[in-house]
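Q: I'd like to learn how to read aromatic ring pairs in a protein model. Can you walk me through it?

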Amino acid sequence: MARLLLPSPRNERSALFLKVFAKHVSDGAGSILIPFFAVNEIDIDAVDTANTAANNAYNSFQKMEKDSESMFNDFINDFDKIVADHKGCVQAAKPYFFSNTKRLGDFGVTIHRNRIVYAKDRKTLCEDIMKFINHNASLPVAERPITAAYEANNKIDLAANLAALPGIMDAIDDYNQMVKDKETEHAIFVVEDKIVAKFLRITGQYIIKQFPMNPKTATLWGYTVVDALIGPVKTVAKFKKGEKKRLYGVRVGSKLKNTGASIQEITKRKAGTGVPIIINPGETWKVVRGYGIMTATSRGILLTGAITYFRNR
């Protein structure tokens, strides 16, 4: 018995498609794929277009990944330093207005239940910092919570921070746009690559079935064919604290063991239906029909978990 090994890396998947395509073209009217494509309404030229699109999107994504990382590194150190300065100033200003901390709102500071809340969005936080610096500077010197002495003692230059923030905000805009563009390219890649992957899988299965006496003939189309191993394989699923996982191809009738530190809750199929089966650490459970696909949940947010089970090949 033989089985196909389909490549995972994009460049290898693309190379395999091109080999299948070239073999099909080379065989001409004698190609064994002609009737298969006709019956299943497969347009190999459309798959070729998808393969090219997947390659282009993948290459663009990879380049944008590097570019976005470089863009992030260009501004993040200056940004983090200014944010640290800002948080120090806010903490210093809070006791200044201890009788009415809501006055910090005039400085662009958000107070919730007497706790300071900083914006999570970087650009919004920059705007809040600018508002703080500008409002502090607008007050008479004698009424400023952040004094020149405070700046000197803490090695802070609010004027320099204020001057740097517009450039940092522009850099953040450019970075955010790059991230969006990167995500767009990745989404295109996923859609187009699925077309290629499906084509390779179904075409490979068709080819290998055409040569039951010598399935490795499929290597002429570029496929990798190996002798299939018989029997289930022992598998360990590891869980982070409180994590839920779906286990596929679990061998019915085999023993499943909780080899982790947390309690495991087992339910049926992907939806996790039925009364949960509780397996304590060290306990085993015989897998019954209906649990070939199961949902396992590691109970206990402070403990990691593990399940050792037998999976069908």
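Q: How many aromatic pairs are there here?
A: This is a predicted model, and the count comes to 14 aromatic pairs.

Q: What describes a pair of aromatic rings?
A: You describe it by the distance of the centres and the angle of the planes. Take Y58 and F189: their centres are 5.2 Å apart with 45° between the planes, and the pair is tilted.

Q: Which helices do Y58 and F189 lie in?
A: Y58 is in helix α3 (residues 44–96) and F189 is in helix α6 (residues 158–209), so this pair ties together parts that are 131 residues apart in sequence.

Q: Is F189 buried or exposed?
A: F189 is buried, because its relative accessible area is 12% and buried means under 20%.

Q: What kind of pair do F72 and F75 form?
A: That one is edge-to-face, with 5.5 Å centre to centre and 75° between the planes. Both residues lie in helix α3, 3 residues apart, about one turn of the helix. F75 is buried at 3% relative accessible area, while F72 is partly exposed at 22%.

Q: Which residues do ring pairs link into a cluster?
A: Look for F17, F21, F36, F37, F199 and Y206.

Q: What sits over the ring of Y118?
A: The charged end of K87 does, 5.0 Å from the ring centre.

Terms used
Residues are numbered from 1 along each chain as its sequence is written. This is a predicted model: local features need pLDDT of at least 70, side-chain atom pairs count only at pLDDT 80 or more; totals for chains, interfaces and linings use all residues. Side-chain values use heavy atoms; hydrogens and water are left out. Rings of Phe, Tyr and Trp (its six-membered ring) pair if their centres lie within 6.5 Å; planes under 30 degrees apart count as stacked, over 60 as edge-to-face and the rest as tilted. Helices (H or I, at least four residues) and strands (E, at least two) are DSSP runs, numbered from the N terminus. Buried means under 20% relative accessible area, exposed over 50%, partly exposed in between (1.4 Å probe, protein chains only). A charge sits over a ring if NZ of Lys or CZ of Arg is within 6 Å of the ring centre and within 35 degrees of the ring normal.
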